[in-house]
Amino acid sequence: MNTNPSFSSTLVLAGGSGFIGSYITQYFTERNYKIVVLTRQAVYASPQAAVEYVHWDGENVGDWQRYIENAAAIINLSGKSVAALHTPSVRKEIVSSRVRSVRAVGEAIARCQQPPPLWVQASAVGYYGNTAATCTEDSPAGSTFLAQVCQQWETAFAAQTLPTVRPVLLRLGIALERGGGALQPLIKATRLFAGGAAGSGEQYMPWFHAEDLCRFIEIALQNAAIKGAYNICAPEVPTNAEFMKTLRQQLHRPWSPAVPTVILRLAAPLLMNAEPSVILEGCRAVPHRLQELGFSFKYPTLATALKAIFS
C-alpha cells in the first residue's frame with residue numbers, strides 16, 4: 001500500500017470501479033486523498049499513484065482488510081445493477097450481492113485495530129417504493145421489489161455498524177454525469193428523436209449530480225454530527241415527462257410522443273433486457289435532511305445539471 005505522506009488520508013471504495021465510484025475517485029484524488037478501490041474485476045496497475053486497485057470477492061474478508069486500517073472512511077457501493085431483467089435468479093443476486101458485501105465490510109471493520117471512523121453505505125430512494133407522495137427520510141418503506149431490496153440492504157448495514165464507527169446511509173436517486181449511468185440511454189433515445197415520456201410520464205425521477213454527492217461525502221468526512229440516512233437527490237424532483245422535456249430542450253430536440261405503457265412492458269425485456277418497473281415506477285423523494293443541514297446544492301435544478309454535463 002502506498003504510504004506517501006503527501007496524501008492527506010485514505011478512502012476505501014468497495015465496489016468503486018463503477019460509474020459513481022469512478023467519479024468519487026476522481027473527485028477525492030484531486031483533493032489529495034489516497035483511494036483504494038476494492039473490485040471484483042481484474043486488478044490492474046493504476047497510472048495514478050493516488051489510486052490503488054485491490055481484488056475482493058464482495059463476500060469474504062481477505063487480505064484487503066488491511067487497507068481499511070486507519071482509513072479516513074470506507075464507502076461501500078457494491079451491489080449487482082438493477083438495470084437488468086429481474087428474473088428469479090437476478091433478483092436473488094441483486095439482494096445477496098448487497099447483503100453479502102455489507103456483512104464482509106462489517107466483519108473487516110470489526111477486525112481492525114484502528115477502524116475507520118466513518119462508514120458511508122449506499123442504498124437507494126427505491127426504499128420508498130412506487131409513490132407520488134412526498135418522501136422524506138422518515139417516510140415508511142414501500143412494498144415493491146426494489147423497496148424490499150433496500151430494506152434488506154439497510155437492515156444488514158444497521159446490524160453491522162459498531163459504536164465507534166459513524167454510519168452514514170446514502171439513499172441515492174438517479175446519478176447524473178458524463179460517461180455512464182441511467183442518463184446515457186435517455187440521451188441516445190432523445191438524440192434519435194425518441195425522447196418522449198415513458199408510459200403516463202407521471203412517475204417521479206429523483207436525481208442528483210455526481211459532484212453534489214461528492215460534496216456531501218466531503219462534508220460528512222469533516223462533520224461528526226452527520227450520521228444516519230440521507231436522501232441524496234436534488235430539491236427539484238421532476239416527473240418523467242418533465243425530465244424528458246428538459247432533456248429534449250438541452251439537446252435541441254422537438255416534442256416526442258410518449259411511449260405507451262403496454263409497449264414498454266413488451267419492449268423493455270425484449271429489446272433492452274430491462275425490467276419495465278424500473279422505467280415505469282418512481283417516488284417523490286426530497287432531500288429533507290440535507291436541507292436541514294443547510295447543504296448548498298451546486299446543481300439544484302435539472303436544467304443547471306444537464307447544462308453543465310453537456311457543456
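Two rings of Phe, Tyr or Trp count as a pair here if their centres lie within 6.5 Å. Keep in mind that this is a predicted model. With that cut-off, a search of the whole structure turns up eight aromatic pairs. To describe any one of them, you give the distance of the centres and the angle of the planes.

Let's start with Y27 and F28. Their rings sit 5.0 Å apart, centre to centre, with 70° between the planes. Planes over 60 degrees apart count as edge-to-face, and that is how the Y27 and F28 pair is classed. Both of these residues are buried.

Now look at T29, which has its place in helix α1, residues 19–29. Is T29 buried or exposed? Its relative accessible area is 17%, so T29 is buried, given that the cut-off for buried is under 20%. And what does T29 touch, leaving aside residues up to four places away in sequence? The contacts are I35, Q48, A50 and V51.

Back to the rings, and over to another of the pairs: F216 and Y230. Their centres are 5.0 Å apart and their planes make an angle of 50°, which puts them down as tilted. This pair links distant parts of the chain, since F216 belongs to helix α5 (residues 210–222) and Y230 to strand β10 (residues 228–232), 14 residues apart. F216 has a relative accessibility of 1%, so it counts as buried. Y230 comes in at 3%, so Y230 counts as buried too.

R91 lies over the face of F145, 4.3 Å from the ring centre. R253 does likewise with F193: it lies over the face of that ring, at 4.7 Å from the centre.

Last stop is helix α6, which covers residues 240–250. Which of its residues are buried? They are N240, F243, M244, T246, L247 and R248. As for what they pack against, the partners of these buried residues are β8 (174–176), α4 (183–191) and α10 (302–310). After α6 you'll come to H252, where phi is positive, near 55°.

Conventions:
Residues are numbered from 1 along each chain as its sequence is written. This is a predicted model: local features need pLDDT of at least 70, side-chain atom pairs count only at pLDDT 80 or more; totals for chains, interfaces and linings use all residues. Side-chain values use heavy atoms; hydrogens and water are left out. Helices (H or I, at least four residues) and strands (E, at least two) are DSSP runs, numbered from the N terminus. Buried means under 20% relative accessible area, exposed over 50%, partly exposed in between (1.4 Å probe, protein chains only). Contact means heavy atoms within 4.5 Å. Rings of Phe, Tyr and Trp (its six-membered ring) pair if their centres lie within 6.5 Å; planes under 30 degrees apart count as stacked, over 60 as edge-to-face and the rest as tilted. A charge sits over a ring if NZ of Lys or CZ of Arg is within 6 Å of the ring centre and within 35 degrees of the ring normal.
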